Amino acid sequence: IDSIRTIIASAFELTEAMPNILEQCLYNIYIDSGWDIVRNVNIYRDSLPEEYLYPTFTDLCSEIQDYLERSDYSEEVKGNYKGALLSRIRSFANGYKGVLLNTTAHPDYEALMTDHCVVELEGLADDADKCLVMGTILTQYYQYRRNHFPDSGEKKKAEHLIVIEEADGTAGRVTEQYDGGNQGVRGRNADCGSESYKACGGCN
């Protein structure tokens, strides 16, 4: 959940209480989907296919709406947060991004681990969108690797290599691009790429 929150927060600017609202809502939808946050297991894992064990961006949007309605914020503040936060999250549930992100399906990570694969993001013009999609893929890839190929502690020869090309600047060097004291999109994308790389432990 922390990785997801970091990826979303790096893809676009979150101000004031929005990071906390996002975090609380992420925990809520994962708990509602049957996840034991402490033990990191799903109570439905033996009765449902794996793709149905995880919430979607549509679930997150609904939870943010309900969370704000239950909150003690004034009506004006609720309206501001709904407009600012929901509009951003909903953008990931519509169109081309929705096809990629707002779904219970996921890439074939077994193929990524065993075959020669290329992930092409040319259809996404915006760097922030590329950052979010690639961060999501890397996070899921790491989880798959950790669950299906646990570290035995034994030294072994390299069996797999993942290469992340940064030529388009999606995770480029942080530059002095600020807007009202906040990092520009390039800086946030660099943060996202850095966090994803750290989450993957280098993806050796």
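User: In this predicted model, where does glutamate 16 lie, and why is glutamate 16 called exposed?

Analyst: Glutamate 16 lies in the loop that runs between helix H1 (2-11) and helix H2 (18-32). The relative accessibility of glutamate 16 is 71%, and exposed means over 50%, so glutamate 16 counts as exposed. Its phi is positive, at about 50°, although glutamate 16 is not a glycine.

User: What makes glutamate 23 and arginine 5 a salt bridge?

Analyst: A salt bridge asks for a side-chain nitrogen of Lys or Arg within 4 Å of a carboxyl oxygen of Asp or Glu, and the side chains of glutamate 23 and arginine 5 meet at 4.0 Å, N to O. The pair links distant parts of the chain, with glutamate 23 in helix H2 and arginine 5 in helix H1, 18 residues apart. Side chains of opposite charge can pair when their charged atoms come close.

User: How do you know whether arginine 70 and glutamate 63, which meet in a salt bridge, are buried or exposed?

Analyst: The side chains of arginine 70 and glutamate 63 meet at 3.2 Å, N to O. Arginine 70 has a relative accessible area of 53%, so arginine 70 is exposed, whereas glutamate 63 has a relative accessibility of 9% and therefore counts as buried, since buried means under 20%.

User: What makes the nonpolar surface patch, and why is tyrosine 44 called partly exposed?

Analyst: The patch, of about 420 Å², is made by Ile43, Tyr44, Leu48 and Tyr52. Tyrosine 44 is placed in the loop between E2 and helix H3 (57-70), and because its relative accessibility is 36%, tyrosine 44 counts as partly exposed.

User: How do you know which stretches should be read with care, and what is the mean pLDDT of the protein chain?

Analyst: The mean pLDDT of the protein chain is 75, and 75% of its residues reach 70 or more. Over residues 170-186, however, the pLDDT is below 50, although this stretch has 28 contacts in the model beyond near neighbours in sequence. The pLDDT also stays under 50 over residues 198-204, for which the model has 9 contacts beyond four places in sequence. Where pLDDT is low, the predicted coordinates should not be read in detail.

Note on methods:
Residues are numbered from 1 along each chain as its sequence is written. This is a predicted model: local features need pLDDT of at least 70, side-chain atom pairs count only at pLDDT 80 or more; totals for chains, interfaces and linings use all residues. Side-chain values use heavy atoms; hydrogens and water are left out. Helices (H or I, at least four residues) and strands (E, at least two) are DSSP runs, numbered from the N terminus. Buried means under 20% relative accessible area, exposed over 50%, partly exposed in between (1.4 Å probe, protein chains only). Patches are made of residues with over 30% relative accessible area and no salt bridge: like charges are joined within 9 Å, nonpolar side chains (Val, Leu, Ile, Met, Phe, Trp, Tyr) within 5 Å. Accessible areas come from the Shrake-Rupley method with a 1.4 Å probe; for residues, only the protein chains shown count as cover. pLDDT is the predictor's confidence in each residue, from 0 to 100. Contact means heavy atoms within 4.5 Å.
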